[in-house]
Amino acid sequence: MSGARLEIIERNCKGCSICVEFCPKNVLEMDVFLVTAPRPEDCIKCMQCELLCPDFAIKVHDE
Amino acid sequence: MAYDYEKSIRPGKLPHIWCPGCGHGIVMKGLIRAMDTCGLDRKNTAIVSGIGCASRLPGYLDACTLHTAHGRAAAFATGVKMAKPEMTVICCGGDGDGTAIGGNHFIHACRRNIDMTYVLMNNFIYGMTGGQFSPCTPTGAKASTTPYGNPDPIFDISKLAIGSGATFVARTTAAHPREIDRLIVQGIQHKGMAVIEVLDDCPTTYGRRNKFRSVVDMMKHLKANAVPIKAAAKMTAEQLEGKFLTGVLFQDTEKPEYCEMYAEVIKKAQGA
């Protein structure tokens, strides 16, 4: 258990799917035009999703 | 863990206007992190831009910002720096704004070596006006005004900046977010003209006309073709075909800075 909490700010997400593709552990998934995090327990906190999100829509918190 | 970007953004400004997947948002995050790392005082930091997608960036940031005429960011920034040399001046702009319409201002700011940091977001196209080709559109690439492929050779912005006299020139891509803030920090700390060229993706007007099926294809293209300058030294010219060098391409700490030289002129004129 890594203990990461993924906060997705739905208002900001435009559904570009960069975070989904660049996540090395396949934590994220697209729900049509919105990103979801169905597997947060796999997160290794590499921060790629947060760094590469152009829309300030995803944040990785320590639990 | 999670970075607090919101404290540097004007309230109510998000979501921003950029298209889904546009790399300008990644550059904005990098700039915010770099400004925090340098500990810049918002009241003493001027962020200047011209017109274009990339030039919308200062409007979101909580600092002294200036949105000026098309291509004139470097000229206005020079004015700000001359009037208030104690201010940190950062310019933002795109490739069309910086090297076509404002090409003259850009090369002369480089020539003077005035102490500012120019973050030039090169997305290979004029995005806001509808995808016309810019001086940085690769030869053969399609744009709305070059439907049969662009016949023009490109401007290499970093080489242009080095040739014009800028004393810190670096290049990175939107797919390397950690490198963006590292280079901007070095640029801000450098005394003299610093040009940081960030290769960016424009999925809406460039990508869809040039066989990039998605935003992710463009990001992967940027990531796959970036070669760090140290690795490039061991590669042949053939291997470097179509690649772009990243990292600090040029740095000169000897050349005098413009505001300091101008202060000498003021002293002389006052008979000191």
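Two residues are in contact if their C-beta atoms, placed from the backbone, lie within 7 Å. The model shown in these views is predicted.

**View 1. Surroundings of B:I196.** Leaving aside residues up to four places away in sequence, B:I196 touches B:T117, B:V119, B:L120, B:A170, B:L183, B:I184 and B:G187. B:A170 is also the bridge partner of B:I196, which lies in strand β6(B).

**View 2. The largest nonpolar core.** This core has 89 residues. Those with the most contacts inside it are A:C19, B:V27, B:C91, B:V119, B:V195 and B:I196. Helix α1 of chain B, residues 24–38, supplies the largest share, seven residues. In soluble globular proteins, nonpolar side chains tend to be buried together.

**View 3. Strand β5 of chain B and its two faces.** Six of the six residues of β5(B), residues 168–173, are buried, so the strand is largely enclosed by the rest of the structure. On one side lie B:F168, B:A170 and B:T172, and on the other B:V169, B:R171 and B:T173. In a regular strand the side chains alternate between the two faces of the sheet.

**View 4. Strands paired with β5(B).** Strand β6(B), residues 194–199, pairs with β5(B) in the parallel sense over six bridges. Strand β8(B), residues 244–251, runs antiparallel to β5(B) and is joined to it by four bridges. In β8(B), B:V248 is the bridge partner of B:A170.

**View 5. Helix α6 of chain B.** With β5(B) and β6(B), α6(B) makes a right-handed β-α-β unit. The helix covers residues 177–189 and reaches 19 Å from its first C-alpha to its last, close to the 18 Å expected. Its buried residues include B:L183, B:I184 and B:G187, which B:I196 touches.

Notes: Residues numbered from 1 in each chain as written. Chains lettered and ligands numbered in written order. Predicted model: local features only at pLDDT ≥ 70, side-chain atom pairs only at ≥ 80, totals over all residues. Core = buried A, V, L, I, M, F, W, Y, C linked by C-beta atoms within 7 Å. Buried ≥ 20, exposed ≤ 12 C-beta atoms within 10 Å, placed from the backbone. Expected span 1.5 Å × (residues − 1). Pairing = 2+ DSSP bridges. Right-handed = clockwise from strand over helix to strand, strands pointing away.
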